[in-house]
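Trainee: I have a new model open and would like to learn how to read its features. Could you walk me through them, one at a time?

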Amino acid sequence: MQRVNPIYVKFCWLMACGALLGGVSPCQSKKATTIPADALKKQEAVLETSLGEIVIQFYPDKAPAHVNYFVDRAQEGFYNGTTFHRVILGGIIQGGDPLSKDPSKKRLYGTGGLGKLKSEITDLTHLRGSVSAVLIPGDPNSAGSQFFICVNDQPSLDGKFTVWGHVVEGMGVVEKISSVPADKNQLAEQRIEITKAFIRPIAPPKPLPFADAGVDELKHQRAILETSLGKMEVEFFPEAAPEHVRNFLRLASVGLYDDTAWHRVVPGFIIQGGDLSTRKPPPSPEQMQKFVKNLTVEPSSLKHEKGTLSMARGEAPDSASTSFFVCLGPQPTLDNTYTIFGKVIDGLEVLDQIAAQPREGETPVNRIDLVRVRIVNAP
């Protein structure tokens, strides 16, 4: 994704409120209630938009007035029907203007709902996913209902605007909103509506898929690798490599292997896939942080034979993470060096078809897709 100059973002963003100086009155609303910080730390906001859901958690210790004001407005339904009216590709998305409920007032978007709050600037910085308060140009104590979300880091805004929250789910939606076509004033040409905004308790974190699965459960899993040249079915060896099996099943079950490529083909040796840099679209930083980790080698007496699945890695023994390879024949030089965790039990002809594709060096001339990985229970 293209990244815009943060200074340019700041300039365009400040320009959004310029009409207010011409005499447009900020929208009046009741005074925000005060909710203790400890209670707000257990709450999160959900923005249901026409392009997907965004979940925001708060910094009530850092910006209590701003958090209380937003929560109060959300609870009264204030944001329902407003839009993300301003978008800058790779920069910010801006919403929360009550005037944006009325399509006929588009020329005034960015001027409503301000002049309510004093600055609460702290050491919080404008990182990717940060939620910060919109201001009237030249008036640091003029925040209100409007807010913006950083699509990428925007350090030039630090110390000038109040950061009061951060996106914990839905950065893909934020990026999608950011990429909507805009006019010369960065007003979105598509109406991106916040259909509903509400506050809910933060749920306990869900365990990662297969995190608690025992060997018996793992033994009964199969993977169907749907490629652009056909399907292969894989069985797993959790007795030999339980963490590698859990890792593969986890990545597959959340869809991270879908739409990746078989990026390396060495006839008579291996085909290699699972490199998430080949994924279309690429995984988000949040997905990488949540699901991707390095694995400790799990040596065993298993042998690298035709159809064997083994984990690729760098020079460091414990550097395997997502990329794996399938052997095209016996490879005894790899035994006791790379971790074997599965084997193709159906579809070896597809393995041979992939190996036969034209290539330049070890790179296929035409992309060979790993379209989807389905996890099923063994019969």
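Mentor: Gladly; let's begin with a sheet. Nine strands, or rather an open sheet of 9 strands, run in the order β11-β19-β9-β10-β16-β14-β15-β13-β12 with antiparallel pairing. Strands here are DSSP runs of E with at least two residues, helices are runs of H or I with at least four, and both are numbered from the N terminus. Two strands pair if DSSP finds at least two bridges between them. Because β11 (260-261) and β12 (264-266) each have a single partner strand, they stand at the edges, with one side of each left without a neighbour in the sheet.

Trainee: What kind of model is this, and how are the residues counted?

Mentor: This is a predicted model, in which local features need pLDDT of at least 70 and side-chain atom pairs count only at pLDDT 80 or more, while totals for chains, interfaces and linings use all residues. Residues are numbered from 1 along each chain as its sequence is written, and side-chain values use heavy atoms, with hydrogens and water left out.

Trainee: In which sense do β13 and β15 pair, and over how many bridges?

Mentor: Strand β13 (residues 270-273) pairs with strand β15 (residues 324-327) in the antiparallel sense, over 4 bridges.

Trainee: Which strands does helix α6 touch?

Mentor: For packing, look at contacts, meaning heavy atoms within 4.5 Å. Helix α6 (residues 242-253) packs on this sheet and touches β9 (221-227), β10 (230-236), β14 (308-311), β15, β16 (340-346) and β19 (369-377). Its direction makes about 115° with that of β19. Such angles run from 0 to 180 degrees between N-to-C directions, with axes fitted as lines to C-alpha atoms, for helices over the stretch in contact. Helix α8 (residues 348-355) lies across β9, β10, β12, β13, β15 and β16, and runs at about 120° to β10.

Trainee: What is the strand order in the sheet of 8 strands?

Mentor: That open sheet reads β3-β4-β6-β5-β7-β2-β1-β8, again with antiparallel pairing. β3 (84-87) and β8 (194-201) stand at the edges with a single partner strand each, so one side of each has no neighbour in the sheet. On average, neighbouring strands of this sheet are turned by 30° against each other, direction ignored.

Trainee: How many bridges join β1 to β8?

Mentor: Strand β1 (residues 43-49) is joined to β8 by 7 bridges, and the two run antiparallel. In β8, Pro 201 is the bridge partner of Gln 43. Helix α3 (residues 64-75) packs on the sheet, touching β1, β2 (52-58), β5 (130-133), β6 (147-150), β7 (163-169) and β8, with its direction at about 115° to that of β8.

Trainee: What do β3 and β4 form?

Mentor: They form a hairpin with 4 residues between them, and Gly 90 in the turn has a positive phi of about 70°. The antiparallel strands β3 and β4 are joined by 3 bridges, and Val 87 has Ile 93 as its bridge partner in β4.

Trainee: Is Leu 47 buried or exposed?

Mentor: Buried means under 20% relative accessible area, exposed over 50%, and partly exposed in between, with a 1.4 Å probe and protein chains only. Leu 47 has 1% relative accessibility, so this residue counts as buried. Leu 47 lies in strand β1, and its contacts, leaving out residues up to four places away in sequence, include Phe 70, Phe 84, Phe 147 and Ile 194. Across the chain, 49% of the 379 residues count as buried.

Trainee: How should I read a pocket?

Mentor: Rolling a probe the size of a water molecule over the atoms shows where empty space is left. On a 1 Å grid over the protein atoms alone, a cavity is a set of points where a 1.4 Å probe fits but cannot get out, whereas a pocket is an open set with protein on both sides within 12 Å along at least five of seven lines; lining residues have an atom within 4 Å of a point. The largest pocket is lined by 19 residues, with Val 168, Glu 169, Gly 170, Glu 286 and Lys 290 nearest its centre. α7 gives the most to this lining, with 5 residues.
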